[in-house]
Amino acid sequence: MNNTVNYLSERASKLTPYTAGIQPKDMGWIKLNTNENPYPPSPMVRQAIENAEFWRLKLYPDTEGGVLREAIAKTMGVKEENIFCGNGSDEVLALAFQAFFSGKNNVLTPDISYGFYPVWSEMYGVGASFIPTGSGFEIDPGGYSGGGGVVLANPNAPSGLVLGLQEIERITQNNPDGVVLIDEAYMDFADVGNAVRLTERYENLLVVRTFSKSYSLAGLRAGFAVGNAALISGLGRVKNAFNSYPLGLLPQIGAAAAISDTEYWDETRKKVMSTRELTAKRLFELGFGTGGSQANFLFVSPPKGFDAKGVYEHLLKNKILVRYWNKPRINNHLRVTVGTENEMEAFIECVKQMLNG
Ligand SMILES: *Cc1c(COP(=O)(O)O)cnc(C)c1O
C-alpha cells in the first residue's frame, strides 16, 4: 500500500533509534555479540520463581520494587531509600536522562561510549558535549569538569577500559552543579572498586547497575540505581509520570534471588574474567590489537592486511556472531563478548582459519 500520510510525531520521525545486536531465532550460533553471560542464571533464581505465589500475578506489582529493593540494599550495604529499580538498566538510564539532564547544556560524555547515550540525549533534549577519547579510546578525567552533568560507562563500552575510584571521585568533585551518572553495567568484571560507597559522600553521584551481564539475567529485565535519597526520589517522580509499575513481580523475585546468591555470582564472573584474559592472550599472539578490557568483552583490531569487516563476515558465515560498527573511529574494531572456554576456542579456531587463508 502506498501510504502518503506520515502518522509519526515530529519527534519520532526525527530521532535515530539505537540498534541492538542481532538475536538469531535459530539454534547453532555462537553468540558473542550482545555481552550476555555465557553461564545460566543462579539455580536460586529458578527456585524463587517456581516458588512464587501464582495468584499474585492478578495484582499490580510493588511500585517500588519491594523484595528486590530490599535484597539490593542488603547486598550493597545501603538503605532502601538509596535504591531505585527499573525494567533493565536501560530504563533506569533513560529515566535518569529525563530527571537530571533534560534541557541541560554541556552534559559531558565520551565520543566513544554506549550507543544509547546520544539517542537519549536527542530524545530528551539534552545538550550533550562529546569529549574526544584518546587514540586508544582512553578517557582523560581532566576533560570532565564544570559540566551540566556527566555520563560515563565504567568500564566504558565498547573499549572495556576502566577508570579507578579516585578518578571517578575527582570527576564527581569537579562537576558539583550536575549529576554524575556512572553506568557500571560491566563493573563486576573489573579489578577496580565500584563507586557505590562514594554515593554516601557525594549527593550528585548516581551509580547504575544491571542484572543483564554479571547475573546472567538479560531476559528477565532488571536494573537499578544507587544514590542519595533525593536523586532516588527524583527518578521516582519521572517514573510515576511514565509507568508506575515498570518492573514485574517475577523480575523482582528473580533478581532478588540472583543478588542474594553471591557465591554463584562470584564464581561465574571470575570464570568470565579468566576466559577473557586467555582469549586476549591468544588474539594478541595472532597479531590482534587487544586494548586491555576490564569488561566481559574484548575490543580488538585485526592484524595488518585484514580488516574488521572482513573478519566479522568470515565469522558470520561460520555462525559466530560478534559486533561490528561501521562508524568513524571504530570501523576497524570488533567487540567480542567473552563466552565459555569452548565457545572462545571455536572463535579462535575460526579466526586462525581465516588468517591462514
Ligand atoms: C548492557 C548495557 C546496559 C544495560 O542493559 P539492560 O539490559 O537494559 O540492563 C547499560 N549500559 C551499558 C553500557 C550496557 O552495555
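This is a predicted model: local features need pLDDT of at least 70, side-chain atom pairs count only at pLDDT 80 or more; totals for chains, interfaces and linings use all residues.
1. The largest pocket has a volume of about 1,000 Å³. Its lining comprises 45 residues, and those closest to the pocket centre are Tyr18, Tyr114, Gly115, Phe116 and Arg323.

2. Three elements, α4 (89-101), β3 (107-110) and α5 (116-123), each contribute at least two residues to the lining of the largest pocket. Of the elements involved, α5 gives the most, with five residues. By residue class, the lining of the largest pocket divides into 22 nonpolar, 13 polar and ten charged residues.

3. In soluble globular proteins, nonpolar side chains tend to be buried together. In this model the largest nonpolar core has 40 residues, and Ile72, Phe211 and Phe224 touch the most other members. Helices α3 (66-76), α6 (165-173) and α8 (249-260) each supply at least two residues of this core, as do strands β2 (83-86), β5 (149-153), β6 (180-183), β7 (205-210) and β8 (223-226). A second, separate core holds 28 residues, including Tyr114, Val119, Val151 and Val238.

4. When residues up to four places away in sequence are not counted, Phe211 touches Leu68, Ile72, Ser216, Leu217, Ala218, Ala222, Gly223, Phe224, Ala255, Ala258 and Ile259. Two of these contacts, Ile72 and Phe224, are named with Phe211 as the core members that touch the most others.

5. Strand β9 (residues 297-300) has Phe297 and Phe299 pointing one way and Leu298 and Val300 pointing the other way, and all are buried. The strand pairs with β11 (residues 334-337) in the antiparallel sense, over four bridges. Within this pairing, the bridge partner of Leu298 is Val336 of β11.

6. Is Arg269 buried or exposed? Arg269 lies in helix α9 (residues 262-285). Arg269 counts as buried because its relative accessible area is 15%, under the 20% limit. Beyond its neighbours within four places in sequence, Arg269 is in contact with Asp188 and Phe189.

7. Arg46 counts as exposed because its relative accessible area is 60%, over the 50% limit. Although Arg46 and Gln252 are 206 residues apart along the chain, their C-alpha atoms are separated by 13 Å.

Technical notes. Residues are numbered from 1 along each chain as its sequence is written. Side-chain values use heavy atoms; hydrogens and water are left out. On a 1 Å grid over the protein atoms alone, a cavity is a set of points where a 1.4 Å probe fits but cannot get out, and a pocket is an open set with protein on both sides within 12 Å along at least five of seven lines; lining residues have an atom within 4 Å of a point. Grid points are joined across faces, edges and corners, and a volume is the space filled by probe spheres set on the points. Ala, Val, Leu, Ile, Met, Phe, Trp, Tyr, Cys and Pro count as nonpolar, Asp, Glu, Lys and Arg as charged, and the others, Gly among them, as polar. A nonpolar core is a set of buried Ala, Val, Leu, Ile, Met, Phe, Trp, Tyr and Cys residues joined through side-chain atoms within 4.5 Å. Buried means under 20% relative accessible area, exposed over 50%, partly exposed in between (1.4 Å probe, protein chains only). Contact means heavy atoms within 4.5 Å. Two strands pair if DSSP finds at least two bridges between them.
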